[in-house]
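Please consult the sequence and the structure shown below.

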Amino acid sequence: MLNLRLTHEQLKAYALAELETMLQSFGKSLSDFPPMPKADASLVPDVESRLIHDEMSYNRPVLAAQHDRMMSTMTSEQRNVYDKIMTRVKEDKPGLFFLYGYGGTGKTFIWRALCAALRSDGEIVLACASSGIAALLIPDGRTAHSRFSIPFTIDKCSMCGVTPNTPLASLPIKAKLIIWDEAPMMHKHCFEALDRSLRDVLKTVDKRNKDIPFGGKVVVLGGDFRQILPVMPGSTRPEVVNASINSSHLWRYCEVLTLTKNMRLLSSASESDIEGRKLFSDWVLRVGDGTIGDGTIGEINDVDISVVIPSDLLIPSSGNPIASIVDSTYPNLLGNIGKVEYFQSKAILAPKNAIVEQVNDYVLDLIPGEEKIYLSYDTPYHKNIDGDVVDDIHTPEFLNTFVASGLPNHRLQLKVGASVMLLRNMDQSLGLCNGTRLIITKMGKFVLEGRVISGSNIGEKVFIPRLSLTPSDNRIPFKFKRRQFPISVSFAMTINKSEGQSLEHVGVYLPSPIFSYGQLYVAISQGWFKNID
Ligand SMILES: Nc1ncnc2c1ncn2[C@@H]1O[C@H](COP(=O)(O)OP(=O)(O)OP(=O)(O)O)[C@@H](O)[C@H]1O
């Protein structure tokens, strides 16, 4: 195609067709975004056959070989789980499972084995996870929201964007298995919305499906309830518990499968290492179970308690606690600036954003080189939440002061070599999800260049543009847009943000009490050993 010459009009037509193709795979169309022009229908491939083709175009012999390898190392406990799920799929019977296991027990290993088994046979598996960062670990995993078009504002009557007799409906109809990892962190209404939508879609195949959970599909949820439950700002503990999947009416149909053997521990080389890791891992589990602290067990731990951290895990402070935790977590920092493998597995975790910012500012000051400050452009929406009242009473200066979860700060301070984290899902195929970490390699005026240090595309060079973002925090009573790079500096991060990150060398900085056992568990279970020198 060296001599291919396209006119401006032809280029425009192909670009619109490409955009329409992408939008259709998310159940949307250019016509949903006026005043965008429409695409020429003859240039847009049939969406249904394309979606099916995409889910079946795997290298089947390669997957079959991968599957054989995995089966040969599977433990008997894992084999039991695998067989239960595969038998249900082969029998073509409905099934709802929950695969429960703490970090390192091989849940992802099971997802990979199931995907390889079915895809190498030409079957469709829809694999997703609650967060983008966990979705990257599953082969062709997507976030649950994008996979099933789950609405972001959800209630007990919500439905997903997958509706009967639409191209998107063809995928769940043909799928043999649906996998949903990190289920405990998602609100039960998301699962219930999918349940209702699948019943609706699958009743077009057989009327009886409307009375069967998830329309009769085999659905496997997975995760660890010790970790952080759905994040609901301003909610009480009972409200959060009531929002989690095991409080849903669907839970009574769920068969719980359990993995208990920590496979990450067992990959150790020496006996003494294994012993040390086991002791540490037992302590972590006792924190997760709430059976540690003040010598009490169970219910009493509902109130404020103090957990004694073993003295060999504590970092002695030289008088400046931030300097001590930075030295301990990032030894020889200046000799390793820009090195992907150095930053890949390290982070400092803290319970609150304000503390995280103090640590990040400290580390940024240590790094040599020019510092750039990027200020956001904040504008009010001209309509407020309730209708069409002009909402210009909020000045840009006032909007600049807002700090909200998932929203980059108005003032972003960066240097080449800084470790940063994406705050939005940008491009799953490039591994750019909410939570992906990068090292900044160039700072342009309109674009940042970085190298990926976490997830599926480690080492890849990527470009990050500015985006217009709206805070999703509904405690802010009006709407505004912030145009800024969707990142935050991530030498240190909040414990909530660290969930799903593959970290091995973690410093936990706790100048103020932690909110919950779940948070402490997530923080300390990130490292696989007391990796503090
Ligand atoms: N049967 C097995 N044979 C070989 N390696 C295994 C096996 N099971 C698990 N592993 C390895 O053990 C490590 C931990 O497993 P995996 O990531 O699947 O656990 P997980 O439960 O998903 O953990 P997390 O919740 O922390 O992501 C991985 O490196 C995985 O490849």
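## Strand pairing and cores

In strand S3, Arg-142 is the bridge partner of Cys-128. The model is a predicted one, in which local features need pLDDT of at least 70, side-chain atom pairs count only at pLDDT 80 or more, and totals for chains, interfaces and linings use all residues. Residues are numbered from 1 along each chain as its sequence is written, and side-chain values use heavy atoms, with hydrogens and water left out.

Strands (E, at least two residues) and helices (H or I, at least four) are DSSP runs numbered from the N terminus. Two strands pair if DSSP finds at least two bridges between them. The pairings of strand S2 (residues 124-129) are as follows.

| Partner strand | Sense | Bridges |
|---|---|---|
| S4 (residues 175-181) | parallel | six bridges |
| S3 (residues 142-143) | parallel | two bridges |

Within S4, Ile-178 is the bridge partner of Leu-126. Six of the six residues of S2 are buried (under 20% relative accessible area with a 1.4 Å probe, protein chains only; exposed is over 50%, partly exposed in between). Ile-124, Leu-126 and Cys-128 cover one face, while Val-125, Ala-127 and Ala-129 lie on the other.

A nonpolar core is a set of buried Ala, Val, Leu, Ile, Met, Phe, Trp, Tyr and Cys residues joined through side-chain atoms within 4.5 Å. The largest has 45 residues, of which Leu-414, Leu-448, Ile-487 and Phe-491 touch the most other members. Helix H15 (residues 353-366) supplies the largest share of this core, five residues. Another core, of 34 residues, lies apart from it and includes Ile-150 and Leu-250.
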